[in-house]
Structure formats: structure tokens, C-alpha cells
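Hello,

Here is the structure for you to open. My notes on it follow below.

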Amino acid sequence: MDFIGRRNFLKTTATTLALSAMPLYSSAKTKGSDTLKVAIIGSGRSGWKAIKALFKINQNTKIVAIADAFDDCAKALHKKALELSEKYQNKTDIFDVPQSRIFVGLDAYKEAIDCADIAVLATPPVFRPQEVEYAIMHNKHVLMEKPICVDSVQARKMYQLASIATQKNLTAISGVQRRYHKGYQEAIKRVQDGQIGEILYAQCYWFLSHFDGMDLKTPPNFDPEELEYQLRNWGLFTWTCGDHIVEQQVHNLDIMRWAFGRNPNFVSAIGGRRLNLPMPQYGNRFSHFSAEFDFGNDVRLFAQCRQEPNTAPQVVERIIGTEGVMETSLFSKQLIRGKNNWQSPQVEDPIFEEYRTLVKSAREGLAINTIAEMTDACMYAISARMSAYSGLKFKFDWALRKPKKSLLPENLKFGKLPIEPLPISGEYKII
């Protein structure tokens, strides 16, 4: 859906949220505020990354709460943060989380968000929309780790929340660090300025030499059909992560959405799962995808991703134009080859700029809001997953509007949770 289509979509759905009945202001601290209080929701890698970044940038913030579904995970992150505090002798006041502000459970995010001005949302992706909704409705700024939705139902919700966040003058930043990388910013600007000519086609790859999540976070004899197993090993299950094309390749696809500046007309994809990855121990998601996005006028994006042991790794984005080629990778270089040769110098880890932007926007009332843009990128991945699962080719707009069933189970609670079978193309139905 292009900008005009998305705008109309927002206009026709906004009434369901009764915007006129909501306060159009933010109670979170903004312009002229002193210390900004931050809550970390999710105690995994992204939550730890957030804590390290906040210590590094030191922009008068204070981490005041931690939340996780599991007590041991929350306390482990708390311990690591205390140890980090000891290394930053002049910054020990950045981390102020007593035991009373360590919240545990499936709804723990609510209590943590209530304590803060900014919520860093770093739980399994399937929970992102409900967390963002709670934060925005309570007038909090958010940093949303990617992806911010895992299905079309959630995407439609996120477009609505984007509109509400704008109305409330809230900051809502997505955790795609390439957007804050100066080399990437310059590369995309040069493409949009025409330095590689007209775009002919594009490619992006995210190949890993392992199946992410094989280092199980539960005992070997633990039942995979328990909710605890699936949440502790959320990267292995389609419902929790959206499959790896959504959870991981969304980084690639966000760059392509950024460069193209529009959504494709049609989507077609294939995919599958390596035979020696046992189910259900290693979940029910695919291990490889190959997708084609058709933008019209014979301009196409080819996107491939793979997570399979002992295979060749590669992570790159490439756009081929009539006068040159742009090639980018967070792990190597950003460059243009052709009529206008260029290469980016080495820059700092963009995670720090991401968090500087978050804090500055919240403090100064800039209200930077990337929800809709990030939802677009997520829909690239979601539509490709649906195409690969079903074996169907369809319009991108149809992929957003048609599906009525969300991956998030209703009435989620600890205990047994049946695992969906591996999708079979030609048989899998998009409901």
C-alpha cells in the first residue's frame, strides 16, 4: 500500500478507535524535562542492548523498571545491569531498579510501563502491538524492537496506533539500527538523488550458517507444547516470531522499502524447512525463503533468507540502476559502484544514535513516529511468508486487507499450547 493508500486506510479505520474521545496530548515528559525514566520490557538480547546503549549515551535517563514473563530472566538481566553499573562509576544513578520494580508475568509490561516515561519493548514480536497500544494509550514514548507486528491483523492495528501516536505527539521509534547508520543514510540519499540512475532491480540476502534458536533455553526433556517452552524459545515458532523472514530479514526489507519509497504491487514466494531440523523441539518455522516483489514496469526486488547449519553466511542489500550499483551491509561496507563511485567511512555502532534519537525526541517533543514505515517493512515480510506458506501469488494490498486471523492465540495462559503443523504449499489456507 503506497502513501495515499495507507492514508485512506487510516482514515477509514480511525473511527473504530474513537480518536475524538481521547486526550490529544502526552503526559510523558517532553520539552524542558529533567531525568527521563525508562522501563525495559523483555530481558533478552535486545533488553540488554538497550541498557548498554543507555549507559553509553548518558543523556540524563534513568532505568527504573524491568519486566519479563519469567522471574529468572528478569533477575538475570537485573544482575547484569548492576554489574555494568559498577564499571561506570560516574553513572551509577542511570540504573535504579529495586526488587519492587522487577515485574514478572504475561501482563508484567503494564506495571513496568506505568513507572516510566519511555518504554523499551523487547519481548517476543507477537506481543508488540498490545504493548505499543498500552503505552500509547497511557501517553508513553516507545522504542519498539523489530518486528513490530507478525501478521496482517496486527499490521492494521499498528497503522491505527501510528495515527494515535501522532495525535498525542508521542515518540515511537522502531529498532532497525540501519536507519540510524550514517553510511546507510548517505547511501539511500544518493540512490534517491539518482546517483545510480533509474532502478532496474534489487536484491537482498540474509543467510546464516545456523538455525537461530537451536541453543534451547529449556531442559532437553521439557515439553515443546508448553507455553513456557515456546516463549523461552520464541525464535523457533511461527506464532511468536512470525518466522525468520519477519523476525530477521525485515532489516533487509526495511532498507528496500526506504530506498523504493513505495510498496510493491504483487508478491510471490517459496520456502521450506530443512529435513534434519526435528519438530517440535526446534519449532515449526521454515529455514529458508525466496521472494519476489513486483513494483511494476519490470522493476522487481528479489529477497532470500536462510538459516541452515554449515551453509555460507551473507547479509547484504543491493540495488542495480542504469548508472551504478548500491551495495550495503551493516557488517562490512556501504558503497556505490559505477558513474558516481562512493564509499562510506567507518562509523560508530548505530544503536547509540538510535537511542540518542529516542531520548532527544522524547525530551524535546519532536514526536518522531516511525510506526507506519516499520509496519510497511513488516508487511513486505508478512506477505512473503503467506505466499510461501500457501504457494499463492497475490496483490500486496490484498495481503494487508484480506487475512482475519491473527497469530496471537486468544486467552493466552501458561500450560499446554498445541503447535501448528508445518505449512504445506497448495494446502495452507490464508484465513
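The charged end of Arg-232 lies over the ring of Phe-70, 4.0 Å from the ring centre. A charge sits over a ring here if NZ of Lys or CZ of Arg is within 6 Å of the ring centre and within 35 degrees of the ring normal. Lys-393 is placed over the face of Phe-266, at 5.4 Å from the ring centre.

This is a predicted model, in which local features need pLDDT of at least 70 and side-chain atom pairs pLDDT 80 or more, while totals for chains, interfaces and linings use all residues. Residues are numbered from 1 along each chain, and side-chain values use heavy atoms, without hydrogens and water.

There are 17 aromatic pairs in the structure. Rings of Phe, Tyr and Trp (its six-membered ring) pair if their centres lie within 6.5 Å; planes under 30 degrees apart are stacked, over 60 edge-to-face, and the rest tilted. Trp-206 and Phe-331 are an edge-to-face pair, with 6.2 Å between centres and 85° between planes. Trp-206 is in strand β7 and Phe-331 in the loop between β12 and β13, 125 residues apart. Strands are DSSP runs of E, at least two residues long, numbered from the N terminus.

Which of the two counts as buried? Trp-206 does, because its relative accessibility is 6% and buried means under 20% relative accessible area (exposed is over 50%, partly exposed in between; 1.4 Å probe, protein chains only). Phe-331 is exposed, at 57%.

Phe-394 and Trp-398 form a tilted pair, because their planes are at 40°, with centres 5.1 Å apart. Phe-394 is buried at 6%, and Trp-398 is partly exposed at 32%.

Regards

Methods:
Helix = DSSP H or I, 4+ residues; strand = E, 2+ residues; numbered from the N terminus.
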